Amino acid sequence: MLQVSIYRYNPETDSEPSMQDFQVDTGGKDLMVLDVLELIKSQDTTVSYRRSCREGVCGSDGLNMNGKNGLACITPLSETVKGNKLVVRPLPGLPVIRDLVVDMSMFYAQYEKVQPYLINDTPAPAIERLQSPEDREKLDGLYECILCACCSTACPSFWWNPDRFIGPSGLLQAYRFLADSRDLATDERLSRLDDPFSVFRCHGIQNCINVCPKGLNPTRAIGHIRNMLLARAT
Amino acid sequence: MVRSVTSFGRSGVSDWLLQRVSGVILLAYFLCIGSALVGGVDYLSWRDMFEGTGMRVFTLLAILSLAAHAWIGMWAVSTDYMTERLMGKKGNVLRIAFQIACSLVIFVYVIWGVQILWG
């Protein structure tokens, strides 16, 4: 039997959060953490968490499992469980709505700040705005972000300044549009990032790389933004 | 864009660049002082070393670099941990008091350093 400890908090009835222990029969299988949560849900239907696609595409079930952020649906027990014990908490640093469900408004507000869409006021061509294969290649490692928030909520700078530091996820998206040959707002985008908080609160500790379930590298993208800002300012 | 009136250069890239450049200057200065110490010094050789204008200018550059480096670092620490978000309204009072105290200490050290070098 797997020992599972789940963070419980219902702001309507609880004065403070607590941990609740469950025993789960995994049948000796190397289940995903989401499967374990489903088994717990069958024991106690009040346990709340987000989920949707269950295959690492939608980014709904970002959780903190045994101290490390990740997607519950693609994290096998063998990867996270030590000593037959699994501790599941909500993503750190964001307000808890209930149990494992967090309020992601601050995360989305930072995403919105980077204007995550192409800005190009030139007349649209008849079919589409074409890119060379080389220019398209520059977007690899950037466009794959699914906004699960695992990286930003593993970043201490985002914990301390979630309202002012854009965070690794938002900055990866910022660079995705800075690097796009079809986007014409590079200078405007960089102007909006040149303050002491938006980009420069990144101290390069690389928690974001360590936890990204898609294997992306926000620290490298932040380095590219910094270099663009430096080239523009000197 | 986040506004800040207390950061050193009012710009992220300016503070970032200054912190790196001042770090390199400090490294070079401490290597220079370290190599002198390793070679063995007494009062006379130490005094002779600081009699030269070049060493005095280098030392002043290191003092100013230390001042800028310290301000940028302490400012970042204060705006991370002493905030209204973490501590309520008293966070603002504490942060401003901390920043004033830091700036006073840095100012005194800079003036004192100049006095030692050219006094």
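How many residues does the contact take from chain B and how many from chain A? I found that the contact takes twelve residues from chain B and 15 residues from chain A, where two residues count as in contact if their C-beta atoms, placed from the backbone, lie within 7 Å.

**Conventions**

I note that this is a predicted model, in which local features need pLDDT of at least 70 and side-chain atom pairs count only at pLDDT 80 or more, while totals for chains, interfaces and linings use all residues. Residues are numbered from 1 along each chain as its sequence is written, and chains are lettered from A and ligands numbered from 1 in the order in which they are written.

**Where chain B meets chain A**

I looked up which elements give two or more residues to the side of chain B that touches chain A, and they are α1 (12-38) and α3 (53-81) of chain B; helices are DSSP runs of H or I with at least four residues, strands are runs of E with at least two, and both are numbered from the N terminus. The largest share of this side, five residues, comes from α1(B). By class, I read six nonpolar, four polar and two charged residues on the side of chain B that touches chain A, with Ala, Val, Leu, Ile, Met, Phe, Trp, Tyr, Cys and Pro counted as nonpolar, Asp, Glu, Lys and Arg as charged, and the others, Gly among them, as polar.

**Two annotated positions in chain B**

I then checked Y81(B), which an unreviewed UniProt entry covers with the annotation "binding site"; such annotations may be inferred rather than shown by experiment. Y81(B) has its place in helix α3 of chain B, and, leaving aside neighbours within four places in sequence, Y81(B) is in contact with W160(A) and L86(B). I class Y81(B) as partly exposed because 14 other C-beta atoms lie within 10 Å, given that a residue is buried with 20 or more such atoms within 10 Å of its own C-beta, exposed with 12 or fewer, and partly exposed in between, the C-beta atoms being placed from the backbone.

H69(B) carries the annotation "binding site" in an unreviewed UniProt entry and is found in helix α3 of chain B. I class H69(B) as buried, because 21 other C-beta atoms lie within 10 Å. Not counting residues up to four places away in sequence, H69(B) touches Q19(B), S22(B), G23(B) and L26(B).

**Chain A and its domains**

I counted nine helices and seven strands in chain A, whose C-alpha atoms fill a box of roughly 60 × 35 × 30 Å along the principal axes. Of the 234 residues in chain A, 39% are buried, and residues 24 or more positions apart account for 65% of the contacts with a separation of 6 or more.

The domain assignment of chain A gives domain 1 (2-102) and domain 2 (105-233), with bounds that come from an automatic or database assignment. The C-alpha centres of the two domains of chain A lie 29 Å apart, and the contact takes 14 residues from domain 1 of chain A and 14 residues from domain 2 of chain A. Strand β4 (residues 68-71) of chain A gives the most to the side of domain 1 that touches domain 2, with four residues, and that side divides into seven nonpolar, six polar and one charged.

Not counting residues up to four places away in sequence, A174(A) touches V114(A), I166(A), R189(A), L193(A) and I225(A). A174(A) and E112(A) are 62 residues apart in sequence and 9.9 Å apart in space, C-alpha to C-alpha.
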